[in-house]
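Okay, thanks for coming, everyone. Have a look at it first.

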Amino acid sequence: MYSCFKDKIGEVLLPGDEFSFETDETISLTDTVKAEKVVCGPGLRRNGDQVLVCKSGVLRHKQPNMFWIDSQQRRYVPAKGESVIGIVTAKSGDVFKVDVGGSEQATLSYLAFEGATKRNRPNVQVGDLVFCQFIIANKDMEPELVCIDSAGRANGMGVFGAGGFLFRVSLGLVRRLLAPRSDIISDLEKLLPCELVVGMNGRVWVKAGSVQQTLVVANLLESCENMTAPQRQALFRRVAQGAL
């Protein structure tokens, strides 16, 4: 891992900032030098021997050598393999048009559902919510979605959303919710049991025991966006005590 990245972890960076891999450190002629690779995530772009920052945010690091910019971005750019929450907007021939919050709508074939055939078409209506995954997502082709995995199984994907509430959050909060052993999800499960579906496109669907509890969970998640861990825990305690 390069020292130029080490020094900036946790700091706010702006578009135009750059990292150079050139170093003045003395290299031993006897010890074996192992080449280091840096994996650039969202917000960072390679340019020859330099890495440029292309959006503002906080530089984050994941072992062993992955770096990315953590920002409060709301605009979603489709990426292959990401799971998203889409809204069916139209039926066009053998495909559905799905709004995923990107610059253009994506297509979803009626055969891209578990058990779907030409005679056994899925029951999908305009306005339905679908949890799906991108199989094509690049600037030169129309985005394409599926509701099955590589083995042809739904694996939790498909039409859903009856009786729940859909709202939008920043992409930074989405990554925190989807992180392994997420503190926010752990604290929320102790407070109010609920069903939760999180899409990488910044959409969150929630359903609790009642309409009031559903709205409470949605408001808590939206409040977590700009809170530190102690502030969040204090808020959850107040809700548990019935202060809100």
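So, let's begin with Phe113, which is buried, at a relative accessible area of 9%; buried here means under 20%, exposed over 50%, and partly exposed in between, with a 1.4 Å probe and protein chains only. Before I go further, this is a predicted model, where local features need pLDDT of at least 70 and side-chain atom pairs count only at pLDDT 80 or more, while totals for chains, interfaces and linings use all residues. Residues are numbered from 1 along each chain as its sequence is written, and side-chain values use heavy atoms, with hydrogens and water left out.

Now, the rings. How many aromatic pairs does the structure hold? Four, counting rings of Phe, Tyr and Trp (its six-membered ring) with centres within 6.5 Å; planes under 30 degrees apart are stacked, over 60 edge-to-face, and the rest tilted. Phe113 pairs with Phe96: the centres are 6.5 Å apart and the planes stand at 90 degrees, so we call that one edge-to-face. Phe96 sits in strand β9 (residues 95–99) and Phe113 in the loop between β10 (106–109) and β11 (129–138), so this pair ties together parts 17 residues apart in sequence.

Phe160 is in strand β13 (residues 158–160) and Trp205 in strand β16 (residues 203–207), 45 residues apart, so distant parts of the chain get linked. Trp205 comes out at 5% relative accessibility, so that's buried.

One more ring before we move on. The charged end of Arg121 sits over the ring of Tyr110, 3.9 Å from its centre; the cut-offs for that are NZ of Lys or CZ of Arg within 6 Å of the ring centre and within 35 degrees of the ring normal.

Is Asn201 buried or exposed? Buried, at 0% relative accessibility, and you'll find Asn201 in the loop between β15 (195–198) and β16. Its side chain reaches the backbone oxygen of Ile85 at 2.8 Å. That's a polar contact: N or O atoms within 3.5 Å, where within protein one must be able to donate a hydrogen and the other to accept it, and residues adjacent in sequence count only if both atoms are side-chain atoms. Leaving out residues up to four places away in sequence, Asn201 touches Tyr76, Val84, Ile85, Val100, Arg168 and Leu171, with contact meaning heavy atoms within 4.5 Å.

Last stop, the cores. A nonpolar core is a set of buried Ala, Val, Leu, Ile, Met, Phe, Trp, Tyr and Cys residues joined through side-chain atoms within 4.5 Å. The largest has 28 residues, and Val84, Phe96, Leu108, Phe113, Phe134 and Leu145 touch the most other members. β8 (83–92), β9, β10, β11 and β12 (141–146) each supply at least two residues. Which strand gives the largest share of this core? That's β11, with six residues. And there's a second, separate core of 21 residues, including Leu177, Val198, Val206 and Val239.

Conventions. Helices (H or I, at least four residues) and strands (E, at least two) are DSSP runs, numbered from the N terminus.
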